[in-house]
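Reader: I would like to learn how to read a model like this one. Please take me through the features one at a time.

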Amino acid sequence: KLEAKAKPRASLGALEEWGKRLCVLQDSLNPQVRRGCLIVFAADHGCALPIEQGGEACSAFPSVVTPSIAKALAHGSAAGSVLARTTGMEVQVVDVGIACDLDTPGLIRDKSMRGTSNFTAGPAMSMEQMDFALQAGMRAVDRAGDVQAIAVGELGIGNTTTAAAIVSAFSGSDPQKTCGKGTGLDADGVARKVTIVRRALEANQVALDAYKKILAQAGQDPQELKRQALHVLAALGGLELAAIVGAIFRAREKKIAVLVDGFISSAAALAAVHADPDVSEAIFLATRSAEVGHEIAIEALRARSTHTPPPPVLDMQLALGEGTGAVLAYPILRGAADIVREMISLEDAMKL
């Protein structure tokens, strides 16, 4: 259908690729993207706590920033919610693991724990806690209702450290290559972050080895592979990343396109495709992050996918999170659907 349009072959580039993916996902030659929802999952991380409180002080900012930005998102004044309003997306902000309980209008509380444990001392969460976060992500997609697209965003001080650990675990890359400055670390801070991630991987080596073992086997049992991949996710955290994984699972079931944001959302998507490569059918990579490990996450995700997503469509050096890049890509997704559905064919154009 696209090849018959009034244009040179492949002249709309990535827009055509996204249009084709929408057709496959929706099982239709007339794809629709009428409604979209930004879903931001917020949670805290044990590794971000001060050292005297059992953490690793891995971030340039204290954990108390997480609830403040969560309230701003729910209020509609943080970057993610402002840009969602600009692009016409609805917004859902979900507390899946903030360290305190907030009574804020517009903020949905759906959590089983207040922040993860310090993953340098063992698993960040139990399988039961991880599964609750996974289900919270699914519930968020269900609450979004009759949408054709979701943008997944995250909020949580310390989550670039967690994401770096997940990307290293699933890609096999050294933490030196996956750890960046996050919220503004200097060179010494990044070096400490690398050490923290290495310690986390060592502390959870049993879960990593179990997954690698089944991954190397011929004739893998898909359910066992999924179970072991989710063990890795539980071991390394975080709760908001697990919620994004659950959102991707549910979105694919409901034929909803998932606009994946930057480094942290991509780390969650990487975990999702390692658990089930077929969920890649729903994934649309929105933006290339300024964070150093993002390129590794993207390539590892694409390599594991059975429905390989094209590279990100935006490259604006974004590194904020909150789904900001995913929201900005939403009009592109709508445009891709409209081009497939509404653009005239060359044959019909010649008759005008």
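Reader: Is Asp-27 buried or exposed?

Author: The ground rules come first. This is a predicted model, where local features need pLDDT of at least 70 and side-chain atom pairs count only at pLDDT 80 or more, while totals for chains, interfaces and linings use all residues. Residues are numbered from 1 along each chain as its sequence is written, and side-chain values use heavy atoms, with hydrogens and water left out. Now the term: buried means under 20% relative accessible area, exposed over 50%, and partly exposed in between, with a 1.4 Å probe and protein chains only. Asp-27 has a relative accessible area of 65%, so it is exposed.

Reader: Where is Asp-27 found?

Author: Helices (H or I, at least four residues) and strands (E, at least two) are DSSP runs, numbered from the N terminus. Asp-27 is in the loop between α1 (14–26) and β1.

Reader: What is the phi of Asp-27?

Author: Start with the general idea. Most residues other than glycine have a negative phi, and most peptide bonds are trans. Asp-27 is not a glycine, yet its phi is positive, about 55 degrees. Lys-255 is another non-glycine with a positive phi, of about 60 degrees. Lys-255 sits in the loop between α10 and β5 (257–260). Its relative accessible area is 42%, so Lys-255 is partly exposed.

Reader: Which peptide bond is cis?

Author: Look at the bond from Gly-237 to Gly-238. Its omega is near -5 degrees. Gly-238 belongs to the loop between α9 (222–236) and α10 (239–253).

Reader: How many helices and strands are there in the protein?

Author: The protein has 14 helices and eight strands.

Reader: What radius of gyration does the protein have, and what would a compact globule have?

Author: The radius is taken over C-alpha atoms, and the globule rule is 2.2 Å times the number of residues to the power 0.38. For 352 residues, the rule puts a compact globule near 20 Å; the protein has 20 Å, so the two agree.

Reader: What part of the contacts in the protein joins residues 24 or more positions apart?

Author: Contact means heavy atoms within 4.5 Å. Among contacts with a separation of 6 or more, residues 24 or more positions apart account for 77%.

Reader: How many residues does the largest nonpolar core have?

Author: A nonpolar core is a set of buried Ala, Val, Leu, Ile, Met, Phe, Trp, Tyr and Cys residues joined through side-chain atoms within 4.5 Å. The largest one here has 113 residues. Phe-41 is one of those with the most contacts inside it, as are Ile-150 and Leu-333. Leaving aside neighbours within four places in sequence, Phe-41 is in contact with residues including Val-94, Ala-140, Leu-155 and Ile-244. Across the 352 residues of the protein, 57% count as buried.

Reader: Where is Leu-38, and what is its relative accessible area?

Author: Leu-38 is in strand β1 (residues 36–43). Its relative accessible area is 0%, so Leu-38 is buried. Its C-alpha atom is separated by 4.8 Å from that of Val-91, 53 residues apart along the chain. Beyond four places in sequence, the contacts of Leu-38 include Val-91, Gly-153 and Val-327.

Reader: Which residues does Val-93 touch?

Author: Val-93 lies in strand β2 (residues 90–97). Not counting residues up to four places away in sequence, it touches Val-40, Ala-70, Leu-73, Ala-74, Gly-106, Leu-107 and Ile-108. With a relative accessibility of 1%, Val-93 is buried.

Reader: Now a helix, please. Which residues does Ala-336 touch?

Author: Ala-336 is in helix α13 (residues 324–342). Residues up to four places away in sequence aside, it touches Leu-15, Trp-18, Gly-19 and Leu-22. The C-alpha atoms of Ala-336 and Lys-20 are separated by 8.5 Å, although these residues are 316 apart along the chain. Why does Ala-336 count as buried? Its relative accessibility is 1%.

Reader: And which residues is Ala-272 in contact with?

Author: Ala-272 is in helix α11 (residues 263–275). Neighbours within four places in sequence aside, its contacts are Val-245, Ile-248, Phe-249 and Val-279. Ala-272 counts as buried, at 0% relative accessibility.
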